[in-house]
Amino acid sequence: MKLINFTKDGHTRAGAIVENQVIDLNYAYQAQLKAEGKYRYEQIAAAFVPNNTDELYQGGKESIALANGAIQFALANPDSFDKKLVHELSDVKVEAPVIKPGKIICVGHNFRKHIQEMGREIPSNPVIFAKFANTILGPQDDIPFYPISDQLDYEAEFTFVVGKQARNVSEEDALDYVAGYTITNDVTYRDIQRRTLQWLQGKTVDGSAPMGPYLVTSDELTNPSGLSMVLKVNGEVRQDTNTEDLVFSVPKLVAFLSNLMTLEPGDVVLTGTPGGVGVAMDPPTFLKDGDVVTIEIDQIGVLENKVRATEAVPVR
C-alpha cells in the first residue's frame, strides 16, 4: 500500500494511491462498515482507520489490514457512500506520509562512501541528531531557500516510519516494528550547520525535509537492503549508492534506538546520506533558486522538489 495524506478543498486526510487514483481511507472504511450493517460506523472507522496517517500508524498492522480491505471495497463500490471515496490523483494535492511525528531521528555518517569523502572514520555507534515536524514538506511542495545562507545542500535519505511501540527490540525482531519506507531530502544549510559542534541549527529550518512520494508499507517492501538510491540536480547525478552500503542497517538502527528511547508509531528515522553531497564537491556546489532535486529509490519511487528563493523565516 502507498500511504499519503492528501488535501482536497482545504481538508487534509489519509489516503492511499492506487494507480492514478487516491482512496480516502477513513471514508472507504465507513462505507464498508455501513454496507455491512454496522451501527456507529463513523466512530468505529475513526478508531481503526482514522482520517490522518499519524493516528493510522498507531493502529499498527490491524489498521493497515483494515485499510487495505477498505481500499478494495471503495474500488468496487466507488459511489456507495455520501462522501467521495475515490479521487483522481490529479485532483488532489499529495502531502507527506506523516504530518506531525513525535520524533524525527536522523543518522549521520552512515554510508561508507560518504564517510570517506568527509574524511571521517567509520563510527562504532550511530551518530544521531534530530529534525522537527516544522521541516516536513510534501512531494509537491517547493523547497524554500531563505536568505540566511548561500550554502543550501541536499541529502538523499532512505527513511522508515515506526509502526508500533518499540523498546529494547532485538535486531532479529526489528523489521516487525517498521510501518513502511519513504524518501526524505535532508536539506541542510551547511555554514549554519557548522557554526557550532552541534548540527541541529543547520538541519531544522522550516521546510528542510521534503518527504514522499508516499510510504510503501512493510508488507510490500519486506527487505530494506539492496535498494539503489540516486539523487540528481537538474538531471545531473550527484549521489548514487545502494542501501547495502549502510554501516548501520534498518534492523541495527531499530535495535540501537529502541535501547536508548521508546520509539512510538509514526516516529520517523532518516538513515543517512550517501557520498556526493554538494559541500564535498571540488569546488563545493550548492543549490540555487530554480534547481530541481530528484531522488529515486528502488521499490519506493521518486521524490522531486524545486528550490524556491523565499523571504526570511517570519518572526512569530
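Q: Where is D9 placed?
A: D9 sits in the loop between β1 and β2. Strands and helices here are DSSP runs, numbered from the N terminus (helices: H or I, at least four residues; strands: E, at least two). The model is predicted, so local features need pLDDT of at least 70 and side-chain atom pairs pLDDT 80 or more, while totals for chains, interfaces and linings use all residues. Residues are numbered from 1 along each chain as its sequence is written, and side-chain values use heavy atoms, with hydrogens and water left out.

Q: Is D9 buried or exposed?
A: Read the relative accessible area (1.4 Å probe, protein chains only): under 20% is buried, over 50% is exposed, and in between is partly exposed. D9 has 66%, so it is exposed.

Q: Where does E19 lie, in the loop between which strands?
A: E19 lies in the loop between β2 and β3 (21–24). E19 also has a positive phi of about 55° without being a glycine. Its relative accessibility is 73%, so E19 counts as exposed.

Q: How many residues of strand β1 are buried?
A: Five of the seven residues of β1 (residues 2–8) are buried, so the strand is largely enclosed by the rest of the structure.

Q: Which strands pair with β1?
A: Count bridges: two strands pair if DSSP finds at least two between them. β1 and β2 (residues 11–18) run antiparallel and are joined by seven bridges. I4 stands opposite G15 in β2. β5 (residues 93–95) pairs with β1 in the antiparallel sense over three bridges. There, N5 faces E95. β14 (residues 209–217) is also antiparallel to β1, over two bridges. L3 stands opposite L215 in that strand.

Q: Where is the charged end of K2?
A: The test uses NZ of Lys or CZ of Arg, within 6 Å of the ring centre and within 35 degrees of the ring normal. The charged end of K2 sits over the ring of Y214, 5.7 Å from its centre. K164 lies over the face of Y177, 4.6 Å from the ring centre.

Q: Which peptide bonds are cis?
A: Look at omega. The bond from G212 to P213 is cis, with omega near 5°. P213 is in strand β14. The bond joining D282 and P283 is cis as well, with omega about 0°. P283 is in the loop between β17 (268–270) and β18 (292–297).

Q: How many aromatic pairs does a search of the whole structure find?
A: A ring pair is described by the distance of the centres and the angle of the planes. Rings of Phe, Tyr and Trp (its six-membered ring) pair if their centres lie within 6.5 Å; planes under 30 degrees apart are stacked, over 60 edge-to-face, the rest tilted. The search finds five pairs. Among them, Y27 and F81 have centres 6.4 Å apart and planes at 50°, so this pair is tilted. It links distant parts of the chain: Y27 is in helix α1 (residues 25–35), and F81 is in the loop between α4 (60–76) and β4 (86–88), 54 residues apart. Y27, at 18% relative accessibility, counts as buried. F81 is buried too, at 12%.

Q: What is the geometry of the F129 and W199 rings?
A: Their centres are 5.3 Å apart and their planes at 70°, so the pair is edge-to-face. F129 lies in strand β7 (residues 127–131) and W199 in the loop between α6 (190–193) and α7 (200–203), so the pair ties together parts 70 residues apart in sequence. Both F129 and W199 are buried.

Q: Where is S258, and what does it touch?
A: S258 is in helix α8 (residues 250–258). Contact means heavy atoms within 4.5 Å. Not counting residues up to four places away in sequence, S258 touches A166, R167, N168, V169, L253 and L263. Its relative accessibility is 0%, so S258 counts as buried.
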